[in-house]
Structure formats: C-alpha cells, structure tokens
Amino acid sequence: MKEKNDNKERSKSIFGELEKYGVLGVIERMTAEEVIGITEKYSAHNYAPLPVVVDRGEGARVWDKEGKEYIDLIGCYSAVSHGHRNKRIIEVAMKQMDKLLNTGRPVYNSEMALLMKVLCEYTKMDMALPMNTGAEAVETALKAARRWGYGIKKVPKDKAEIIAVEGNFHGRTITIVGFSTEEAYRNDFGPFTPGFKIIPYNNIDALEKAINDNVVAFIIEPIQAEGGVIIPDKGYLAEVRRICDKHNILLILDEIQTGFARTGKDFAHQWEGIKPDLMTLGKALGGGLVPISAVVGREEVMKVFDPGSHGSTFGGNPFASCIAVEAIMETIRENLAEKALKAGEKFITAIKSFNSPYVKEVRGKGLLIGVEFKLEAGTGHDFADKLLKLGIITKDTHKQTIRITPPLTITDEEISIAIDKLRMVLTK
Ligand SMILES: *Cc1c(COP(=O)(O)O)cnc(C)c1O
C-alpha cells in the first residue's frame, strides 16, 4: 500500500517526467529560464555563470537553447582544446563503449597501459600515474615529492617543505587552497596543511632565499593562467631549474592548463628548453570528453609509490584512458601547437591594433591570452557580458582580465568573426 502511494507521488514529480520522456527528453524540454532557475535553486552557488545555457557544440562553436550561435573563446578553461565533439576522439569513445569501461585497479587493463607508455614518450618522462582531476594530480605530485624527500633526500620525518608562488592556481582541495594567495579560495576553509611556503612569482632571489635543507620541491605554473595570464621573464624557468638542481630540490611544473599545445609548444616548459622532475597534466588530456589527469615524472621520484600508498577508483579507467591516447594523437596529427601559435598571434596582433582606450595590456603565448582592462573602463565581467550579447563566450579572471582560450582547432573564419566582435566591444 505504502509503496503504491510513493509511486503515485513520484509520477507527478520529476521521476514521473523522467519515466515518461526519458532523461534526454526531459533535458530537451527544459527552457533556458528553467535551467537557470533549477541550477540556482538546487546547485551550490560556487560559480557565477554567464546568463547563457549552452545546448550543443561543434568545434569552436556552441549554440544556446534558442539556437543562437556563439564562438567559444573560453573552451572550458582550455579543456576543450580539440574542439567540441572532436570526431576522431568520439569515434574511439563510441567503439570503446561497446567493449569495456571500468575495472578499477585490482586488475590490469590494456588501455591504461597504452596511455602510460604514450604519455611518457610524449612528455619524455619515465613513469606516469593516472588520476581524474587536476587537483588530484597536484595532490599526487605533492605526495610524491614528500615521499622522495624522506626516502631519498633524507629530510627528517614530517619536516618536508614545499615552496609555491604568489598568484598560483593548482586546484581546490584544502591542502592546495592552503597555499593559495587568493582570499576567495581560502576564506573559512582552514585549518590548512602545514609545510608550504610562498614566495613571489618570477623572482629568482626569493627562491634562493627560501631554500633550506628541508625543502623538497618547488611547484609552479610555467605561465599563471588562472592568475590572469602572467608570463614570467624569459630565462626565469631556466634559472629555476638551475637552482633546483643546485639544492637537490624537485621542480614540479603544473602544466594542467598550459600543456597539450596550448601555448604553441607541446608543453610550455619547452619554451625554456628545460625538463621538470614532475609534471601535472589534466584538462585537455580528456579530449573535451572526460575528466582525466596524470602525473608524469622521473623514475627515481615516481618509484616512491608502492602498493597501498596511493590510489583512485576511476584513475586509469579504460574509457578515459583510450580517449586520452586519442587526444594526444589528435594534438600531434593536427599539429595543434603550430595552430595555437599562429592563431594566438592573430588575436594578439588584432587586439593591440585596436588601440582600445579600455585595454591596459594584452598578454599571451599561443592561445592562452589575457586582456586586462583599465580600472576605470569596467571589469572583465562587464566586458564578458558585452561580448556574450554579440555571440562571443569569454570569462573574466582576476576582476580586470578576460581570458581567451578557445579550442585550438578554431578556424580562420571563426577567428575573423571573433576579432570583429572584439573590435566592436573594445573600440565602441
Ligand atoms: C584547472 C587547473 C587545475 C585544477 O584542475 P581541476 O581539474 O579543476 O581540479 C590545477 N592547476 C592548473 C594550472 C589549472 O589550470
């Protein structure tokens, strides 16, 4: 009796609707207004999205519920580097879906094995460890560095220190936000993990001064993306490498956003001709389809993990793994590094040529570009809103800056359209 009543109640509710129209049917029937209303009511407000409901995507274009077309200049914060619904990546995903998706790690699977080999050869590193999100990859690298510190460098137990920099972004776990300098990321999330030290970015003297016998690693983004596209001086990373070598400190490069051709090289550190000891990867590694991340590194460091010391239920699952392999292949096959470099130059040259009274500075490498606005001109959010009305999706970061990080597959025609719209907003 009771069960029957429950079923009756349910048929009037969302479950009844789902029963009647199916998941995709219900989604199709939702209006943009409903989507925004439901999100605001039921989802925690940890983001402030632009007022657009994206419903379909292809390449560098997306469409909203009413069919209005947009050029996607944010590309999921550079996670959709291969374009929305990349054909070859989807083909691999579809075929794999018919075979095997998840095993966990109590057994071996071929897809993960292949990914580990491909990742190591592509990054020229010795060993890899698969995870799911960027933050997890960073946590994994920090754990590896500490273990290496105790086991190999022989730092006294629980005394290991890791140096990070001002303006960093490495993810959102309590440990990671504990060494962020962004108040919004940290406020009321303490107490934080000890053992981290902050120094200014792009400052070699500060690094030398911060080093003592207990320092095991220095973690840094080759370009600070989230921090507003901050590019350090030429030679900085090479100096950092030299100092880390001199003091037997691991250099951890977070290339989650700068990796996979984004800056015009496979990895941003190649601009300085150096190699990290550990590197974190994520975002575009998932081909715009799945969350997958990884740490790659030197054998001496990666070998500190033994069975039981670390893990992840979904890390290295066959589905995500074979998608990641194809994502890397697409990066190579389509020469995305060269495309990013050329497209980036077009954007930067054009924006500079506007001589916009609103723009304070344009910074970028490849298709990782930041446009910073003068304080009196309005915020990045104001400009993102104006661009949205003209069919361009961007996002503000650090109040005064908008980021331009479209899919690296963006076509010349799409670039021209985007530049025209940018001109309209920046010179009006
Ligand atoms: C996005 C990002 C992260 C965090 O990745 P998530 O997948 O969001 O956890 C870490 N580091 C950098 C440099 C990033 O851009």
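Modeller: We can, bearing in mind that this is a predicted model. Let us start with F347.

Biologist: What makes you say which residues F347 is in contact with?

Modeller: Contact means heavy atoms within 4.5 Å. With neighbours within four places in sequence left aside, F347 is in contact with L73, L367, I369, I404, I410, I415, A418, I419 and L422.

Biologist: How do you know which residues of α5 are on the same side?

Modeller: In α5 (residues 87–97), I89, A93 and Q96 are buried. Because these residues cover an arc of only 70° around the axis, they sit on the same side of α5. K87, M94 and K95, on the other side, are exposed; that word requires over 50% relative accessible area. Among the elements covering the buried residues are α6 (110–123) and α13 (318–333).

Biologist: What makes N86 a cap of α5?

Modeller: A side-chain oxygen of N86 lies 3.1 Å from the backbone nitrogen of R88. The cut-off for a polar contact is 3.5 Å, so N86 is said to cap the N-terminal end of α5.

Biologist: How do you know that β3 and β13 pair?

Modeller: Pairing needs at least two bridges. Strand β3 (residues 69–72) and β13 have two, in the parallel sense, so the pair qualifies. Within it, D72 stands opposite I393.

Biologist: And what makes β1 and β2 a pair?

Modeller: β1 and β2 (residues 61–64) share four bridges in the antiparallel sense, with G57 opposite V62. These two strands form a hairpin with two residues between them, and in the turn G59 has a positive phi of about 60°.

Biologist: Why are β1 and β13 said to stand at the edges?

Modeller: The four strands make an open sheet in the order β1-β2-β3-β13, with mixed pairing. β1 (54–58) and β13 (392–393) each have a single partner strand, so one side of each is left without a neighbour in the sheet.

How values were computed
Residues are numbered from 1 along each chain as its sequence is written. This is a predicted model: local features need pLDDT of at least 70, side-chain atom pairs count only at pLDDT 80 or more; totals for chains, interfaces and linings use all residues. Side-chain values use heavy atoms; hydrogens and water are left out. Buried means under 20% relative accessible area, exposed over 50%, partly exposed in between (1.4 Å probe, protein chains only). The arc is that of the directions from the helix axis to the C-beta atoms. A polar contact is a pair of N or O atoms within 3.5 Å; within protein, one must be able to donate a hydrogen and the other to accept it, and residues adjacent in sequence count only if both atoms are side-chain atoms.
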